[in-house]
Amino acid sequence: MAGNRAAKRTGGEILVDALQGHGVERIFGVPGESYLAALDALYGARNRIEFTVCRQEGGAAYMAEAWGKLTGQPGICFVTRGPGATNAGIGVHAAMQDSTPMILLVGQVARNQADREAFQEIDYRRMFAPVAKWVAQIEDAARIPEYVSRAFHTAMSGRPGPVVLALPEDMLRETAAAVDVAAARPVRVSPGRADMAMLRAILEKAQRPLLIVGGGGWTEQASTDIQAWAKANNIPAGAAFRRQDCFDNYDPRYVGHIGIGINPALGQRVRDADLVVAVGPRLGEITTSGYTLLEPPVPAQTLVHVHPDPAELNSVYRATLAIAASPAEFAAAARSTRRADHAVWDDWTGAARADYLQYVEPVVSPGDLQLAEVVAWLNETLPDTAIMTNGAGNYSIWLHRFYRWRRFGTQVAPTLGSMGYGVPAAVAAKLAWPDRTVVSFNGDGCFMMNGQELATAVQHGANAIFLVINNGMYGTIRMHQERHYPGRVFGTDLANPDFAALARAYGANGEVVERTAEFAPAFERALAAERPSLIELRIDPQAITPTATLSGLRKQSKDK
């Protein structure tokens, strides 16, 4: 937008103009009196910026985080001070651990009331400092464009992540002449020629290489480029926790998910590799199975670690070669390098692929409803562009194991491992891509943490399909109880509502499925509906994972 000091505007108007100048088309939020001036400015821009009114700030923040995952542009969340900000904190935490660009805008007490513990006052610099890339409070309306520009650049540059801006309510009301700033152009980090030459030299000496893709900052082109490099060198590729859409699962080099519920054969293959090339992931606790697949500080494997944040490199693992680069820039550079002679590891790659294909075959669990077969049916039925969202819980293991992602940008899930994510993420996904099928996986406990956002889906026409996997418990915690304290069940049983009736009360479709054969017709009806749909899947509580039962876990623990 053009810089012009002539016309004075309120702080709220300057803010909304700045957001529009950076390409913002949608904001997720819950209204509050601390930013009424900004809401009034949004009214003036209502034909240019959509305001998605949510039912709880945690849901709104998750939607903004999911939007950032899907688009690569910062998801914008607007909440009020105090309780609004604390509720939204979970989305900021998710954006930090998931490396997702996001900007949280928080209404704040008036400047002349600061530091008196005024109504709902919090020092957001201190509150959000550990879980955000940058936190600031704007004291001068004339400087709003400067702060917003920095927020966008910070959120998208290097390792993507969240930014928090606090906005005193009187600052939003005051008028000022401000210079608008052009849209952000994030800084991307590219690998040096020497880095790429060294990588090729290391690869030439390998006999059992393994590629791991993950982390934030990926694009569809980056996914295409890294697959081309893996193909040229016939390197087996695994995906870090909940990043399975970074690499086509049907590619002959894809060997599986390196996360919770990892194929034991793949876990052993990571240990047996003599070279691990990790592009993007931080190599955190989940992807490394509690830091056992690669042992810190110096792993047994030769490690090439590619990450956009130099501070992350060598922070846990001492890499043989550490490359500070964004995934897209590294993948483009890798694609253009001369291929290595891969004959020595062709059998290694083929065997890893065979292990994967065997592992994704559906297995039988207790009960009349076979969740593995349901996921396999979805895999065969849904188009390549379908978007799958989920929160946290044992139910997600079925999705991660048996579904096969084909295209980048179709998996939206929290590597943070936080519950309540699947519903708001699906709302954001359907609003971002209204013509694509969006399926939300939720456990019964997971759904109830943000199920109220089904009302948001209905209000805004986000016609996603919400699956609720109901086993009447907090299943993950119950599993751990049976493993470590067999028979001493406490605090994990749930008395649930009729989820289908609840959905209908919100204005959505609602059905219950209790047998495998009932699922496909119910899903087809949901696809044909012109409103959001919920399908409750009642599974046997014994089916705690695809291969374990509660009674089996209890017996194993007592036999030890």
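Predicted model: local features only at pLDDT ≥ 70, side-chain atom pairs only at ≥ 80, totals over all residues.
Colleague: What does helix H6 reach from its first C-alpha to its last?

Modeller: H6 covers residues 144-156, which is 13 residues. At 1.5 Å a residue, 18 Å is expected. The reach is close to that, at 18 Å.

Colleague: At what angle do H1 and H6 pack?

Modeller: Two packed helices are described by the angle between their axes and the distance between the axes. For H1 and H6, the axes lie 9 Å apart. The crossing is right-handed. The angle is about 35 degrees.

Colleague: Which residues in H6 does H1 meet?

Modeller: From H1 come Gly11, Ile14, Leu15, Ala18 and Leu19. By class, this contact has eight nonpolar, one polar and no charged residues. On the H6 side, the residues are Ile144, Pro145, Val148 and Phe152.

Colleague: Which residues touch the most other members of the largest nonpolar core?

Modeller: In soluble globular proteins, nonpolar side chains tend to be buried together. The largest core here has 55 residues. Leucine 211 touches Ile226, Trp229 and Phe247, among others. The residues touching the most other members are Leu211, Ile226, Trp229, Val304 and Phe330.

Definitions and conventions. Residues numbered from 1 in each chain as written. Heavy atoms only, no water. Helix = DSSP H or I, 4+ residues; strand = E, 2+ residues; numbered from the N terminus. Expected span 1.5 Å × (residues − 1). Core = buried A, V, L, I, M, F, W, Y, C linked by side-chain atoms within 4.5 Å. Buried < 20%, exposed > 50% of the residue type's maximum accessible area, 1.4 Å probe, protein only. Contact = heavy atoms within 4.5 Å. Axes fitted to C-alpha atoms, helices over the stretch in contact; angles between N-to-C directions. Left-handed = near helix turned anticlockwise from the far one by under 90°. Nonpolar A, V, L, I, M, F, W, Y, C, P; charged D, E, K, R; others polar. Lists of a residue's contacts leave out its neighbours within four places in sequence.
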